[in-house]
Amino acid sequence: MLIARSVALFVVAALFEIGGAWLVWQGIREHKGWIWIGAGVIALGLYGVVATRQHDDNFGRILAAYGGIFVAGSIAWGMVADGYRPDRFDVIGALVCLSGMAVIMYAPRGH
């Protein structure tokens with residue numbers, strides 16, 4: 001149950017961070033304006049809040065593990081939001097990152 005909760009928190013954090021960055025991108029690069037930028041800034045702040053809900057107390061470990069989620073989530077976001085089509089190397093890279101996340105976050109430790 002602890003791993004399922006942790007993974008769910010990582011997914012929610014990714015939605016806020018990637019979504020927030022995408023909103024800022026849209027606001028600036030696509031000239032959609034300050035409302036989009038402001039919504040993105042708020043979402044990015046919420047990402048930081050969600051990340052604190054992980055069970056592990058080590059900020060560096062949480063952020064490093066989240067990096068794998070961010071990589072895979074960014075590719076998925078691009079597919080859904082922008083019609084991006086990853087090639088096999090994108091997919092392989094994302095799977096490597098997710099494997100690294102699992103090792104960093106869920107490997108048995110003797111504490």
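Trainee: Which residue caps the N-terminal end of H4?
Mentor: Bear in mind that this is a predicted model, with local features needing pLDDT of at least 70 and side-chain atom pairs pLDDT 80 or more, while totals for chains, interfaces and linings use all residues. Numbering runs from 1 along each chain as its sequence is written, and side-chain values use heavy atoms, leaving out hydrogens and water. Helices here are DSSP runs of H or I, at least four residues, and strands are runs of E, at least two, numbered from the N terminus. Look for a side-chain oxygen 3.0 Å from the backbone nitrogen of Phe89: the residue that carries it is Asp87.

Trainee: Which residues of H4 are buried?
Mentor: Buried means under 20% relative accessible area, exposed over 50%, and partly exposed in between, with a 1.4 Å probe and protein chains only. The face turned away from the buried side carries the exposed Arg88, Phe89, Leu95, Val96 and Val103. The buried ones are Ala94, Met101 and Met105.

Trainee: And what arc do they cover around the axis?
Mentor: The arc is taken over the directions from the helix axis to the C-beta atoms. The three sit on the same side of H4, because their arc is only 15 degrees.

Trainee: What do the buried residues of H4 pack against?
Mentor: The chain follows the pattern α-α-α-α, with four helices and zero strands. A contact means heavy atoms within 4.5 Å. By that count the partners of the buried H4 residues are H1 and H3.

Trainee: Moving to H2, what arc do its buried residues cover?
Mentor: The buried residues of H2 are Ile37, Gly40, Ala43, Tyr47 and Val50. They lie on the same side of H2, because they cover an arc of only 135 degrees. An α-helix has 3.6 residues a turn, so residues three or four places apart point the same way. The arc to remember for H2 is 135 degrees.

Trainee: Which exposed residues does the face of H2 turned away from its buried side carry?
Mentor: The buried residues of H2 pack against H1 (2-29) and H3 (59-82). Turned away from that buried side are the exposed Trp34, Ile35, Val41 and Ile42.

Trainee: How far apart are the end C-alpha atoms over residues 34-50?
Mentor: An unreviewed UniProt entry lists 34-50 as one of its transmembrane regions, along with 7-28, 62-79 and 91-108; such annotations may be inferred rather than shown by experiment. In the model, that stretch is 100% helix and 0% strand. Its end C-alpha atoms are separated by 24 Å.

Trainee: Which residue's side chain does a polar contact join to Ser6?
Mentor: Ser6 is in H1 and counts as buried because its relative accessible area is 1%. Not counting residues up to four places away in sequence, Ser6 touches Gln54, His55, Met105 and Tyr106. A polar contact is a pair of N or O atoms within 3.5 Å; within protein, one must be able to donate a hydrogen and the other to accept it, and residues adjacent in sequence count only if both atoms are side-chain atoms. At 2.7 Å, the partner is Gln54.

Trainee: Which residue forms a salt bridge with Asp56?
Mentor: A salt bridge puts a side-chain nitrogen of Lys or Arg within 4 Å of a carboxyl oxygen of Asp or Glu, and the structure holds one. Both of its residues are buried. The closest N and O atoms are 2.8 Å apart, and the partner of Asp56 is Arg61.

Trainee: Is Arg109 buried or partly exposed?
Mentor: Arg109 lies in the segment after H4. Among the residues it touches is Arg61, and a polar atom of the Arg109 side chain is 2.9 Å from the backbone oxygen of Ile104. Because its relative accessibility is 36%, Arg109 counts as partly exposed.
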